[in-house]
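Good morning, and thank you for joining this group meeting.

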Amino acid sequence: MALERFDYIIIGAGSAGCVLANRLSTDSAVKVLLLEAGGKDNSILVKMPAGAGALIPDKGPHNWGFWTEPEPHLDGRKLWWPRGKGWGGSSSINGMVYIRGHARDYDQWRQMGLEGWGYGDVLPYFKRSEHLEGGGDAYHGQDGPLHVSTGATPNPIFQGFVDAGVQAGHPLTPDFNGLRQEGFGHYQLTIKDGRRWSASTAYLHPALGRPNLKVESDARTTRLLMEGGRVTGVEFVQKGKTRQVHADAEVILSAGAVQSPHILQLSGIGDPDALTAVGLPVHHDLKGVGANLQDHLDMTLSWDTPGVRTAWSHNKGLNRLATGLNYMLLGQGPGRQNFLESGAFLKSRPDLDRPDLQLHCVAAVMSNHGKDAVERDGFTIHVCQLRPESRGRVAPRSADPFDDPAIFAGYLATEEDRRALRAGVAIARNVAGQKALSAIHVGESLPGPSVSSGEEIDAWIRRGAETIYHPVGTCRMGAADDPWAVVDSSLKVRGLRGLRVVDASVMPTLVGGNTNAPTIMVAEKAADMILGRASPPSLDVPVFGAADAR
C-alpha cells in the first residue's frame, strides 16, 4: 500500500512546530503534515492566563509531566519536569513571559563558529514574529502574529518589587528586550486582551484553513523511517493504529529538548553505547544526541502579605468558581492575570559581562511548582541561575517508544553554579527588605530567618531547588569541527539527508532568560532556510554590555 506523501513532515505542534506549519504552508505548492502526540488547545485552562497554575503541577492532557532521575547534588531527589503536550506545546502551559535573552548570548553563538546566529542576525526574526502592543521600534516588531503586552495589574506587589530593586541600588529597566537587560522592571507577556497568546494561537490557528496543511493530533511518533543515509518518513501511532507517512523533501523534528533526542534515539540515531544498552539498533553514530542538556535551576523565597490579595484569595473556596465564571462569561477578573508581571536581571558578581541571575516576582506563595497548597496571601521571588556550567543528558530508558526517556539534569555539579544561586538568595532577601516591599509584607515565610549561614542556605537549596522549565541543548548546533554537534548551523542533522531539528534542543548554550521567544525565533529563521529564502539584513542596534562582542 502506497504511503501518504507530503513535502514536509513536522513532528511536534509546540512553539517551533506551529511556526513551521504556518510559514512552510504559505507556499501553496508545498504539502505539509504536522504530527502532534497531544490534542487541541481548547481547554479554558489553556486560554485563561491564570490557568497556568493548574496546568504546570499536574500530568494530564496538556502536560507530559516528566520526572528526572535522582539528582546527586540535590539530595538524590527526582525533580518534576512539566513539558507542554498538545497544540502550542509548552507555550500553552507556560508563564507567558516574553524574554529573548541577552544580545551577548547570540553573539557567543556566532563566536562558536555559528555564522548567521549573532544578535544582529536573529533580531530581524524576533521582530518578524512580534506584535508589540503600543507599536514597534528598533528592537520590537509590530506586524507579527505573536502578541506581546505589558502587565497592567494594579496589584501593589509588582510595582513594589520594582521600586524595592531601585531602592537596593539596582538599575530601572523599562524594556528587558531592548537597550539594556540588567535591572528591575515589568515583564512583557504573551497575553492579548486577557487571553494567553500561545504559538498555536499565533501561528497554527490562522493556517488551519489552508488545503495544503494537514494536522494529525493524538499521533505519537515512534520512529523515523530511513533508507540508506536519508530520512524518508515517520512512523506514528494514532488511536492504537500504527501508520507511516512519507516526506519527499524533509522531516523536521520539533518535539522539544526532551523528546527530539529521544525520537532520534528510538530511530537508532545517537550514541551507540546508549542505544545498545537498551536494545536499540544503531543506524547512525551521533554521540551528541541527548548530551549537553542545560536547564535553569530555580530557588524560591516567599513573604506573607495578609493585607494584599494575591492568587490564594482569588482562588479559595467559592472565589475560584467566581473567578472562572467571570472570565468565561465576561472575560474579566483575575483570570486575565498570570500573577507574574515584574522581574529582574542581575549579576551575582560585578566582573561578569552580563547578568547571570533572573528574578521572577509572583503574586502567590509558591511551593513545589504549586503542587503543595499554601493557604495564605503572599508573594514569591524566584531566583534563577541563568548560565549554569553543569550539564546533563537525555537517554532512552528502554526500546519501548512509549516509555519516558531518562532525564539526568546534572544540576549544581560545579561550585560556580552553587555560588551564583547562593548570591541570588542574598540579593532577593535584600530587595525584600527595602521599604517598598517591607511596607507590604509581614516577614519571610520560606525558608524563614532560621536559614541564614552559607551552609544552611546550601542545604536548603539542595532540599528545595527546582527547574523553571527551560531545558535546551540536547541536539546542539555546532561548527564543522565540533564533535558533539548534532546539527549544523542550518539545523540539518549531521551525516543524514532529509532531516532537521528545529526547537530549543539545537541551542548550544542557554540564553539568559525564558526560552519560549528564542524557540519561536529559531523556527522563524529555520523556515527561511528550509524554503531557500535569503535572511533579512543583519541589524546593528546598540545594546548595553554587548557592543564589545560585535
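Let us begin with phenylalanine 176 and tyrosine 187, both of which are buried, that is, under 20% relative accessible area, with exposed meaning over 50% and partly exposed lying in between, for a 1.4 Å probe and protein chains only. Please note that this is a predicted model, in which local features need pLDDT of at least 70 and side-chain atom pairs count only at pLDDT 80 or more, while totals for chains, interfaces and linings use all residues. Residues are numbered from 1 along each chain as its sequence is written, and side-chain values use heavy atoms, with hydrogens and water left out.

How many aromatic pairs does a search of the whole structure find? There are nine, where rings of Phe, Tyr and Trp (its six-membered ring) pair if their centres lie within 6.5 Å, and planes under 30 degrees apart count as stacked, over 60 as edge-to-face and the rest as tilted. Phenylalanine 176 and tyrosine 187 make a tilted pair, at 5.4 Å centre to centre and 50° between the planes. The former is in the loop between α6 and β8, the latter in the loop between β8 and β9, eleven residues apart. Helices (H or I, at least four residues) and strands (E, at least two) are DSSP runs, numbered from the N terminus.

Tryptophan 303 and phenylalanine 379 form a stacked pair, because their ring centres are 5.4 Å apart and their planes are at 15°. This pair links strand β18, which holds tryptophan 303, to strand β21, which holds phenylalanine 379, across 76 residues. Tryptophan 303 counts as buried at 3% relative accessibility, and phenylalanine 379 is buried at 0%. Elsewhere, Tyr106, Trp109, Trp117 and Phe126 form one aromatic cluster.

I turn now to strand β15, residues 241–253, where glutamate 250 is found. Is glutamate 250 buried or exposed? With a relative accessible area of 12%, glutamate 250 is buried. Its side chain makes a polar contact of 2.7 Å with the side chain of arginine 500. By polar contact I mean a pair of N or O atoms within 3.5 Å; within protein, one must be able to donate a hydrogen and the other to accept it, and residues adjacent in sequence count only if both atoms are side-chain atoms.

The salt bridges come next, each being a side-chain nitrogen of Lys or Arg within 4 Å of a carboxyl oxygen of Asp or Glu. The count comes to 27. One of them joins arginine 5 to aspartate 248, with the closest N and O atoms 2.6 Å apart. That pair connects strand β1 with strand β15, 243 residues apart. Arginine 5 is partly exposed at 45%, as is aspartate 248 at 37%.

Finally, consider helix α12. Its 18 residues, 415–432, should span 26 Å at 1.5 Å a residue, and the end C-alpha atoms are 26 Å apart, which agrees; the expected span is 1.5 Å times one less than the number of residues. Among the buried residues of α12 are Asp417, Arg419, Leu421 and Ile427. Glutamate 416 meets arginine 349 in a salt bridge of 2.9 Å, N to O. Glutamate 416 lies in helix α12 and arginine 349 in the loop between β19 and β20, so the pair ties together parts 67 residues apart in sequence.
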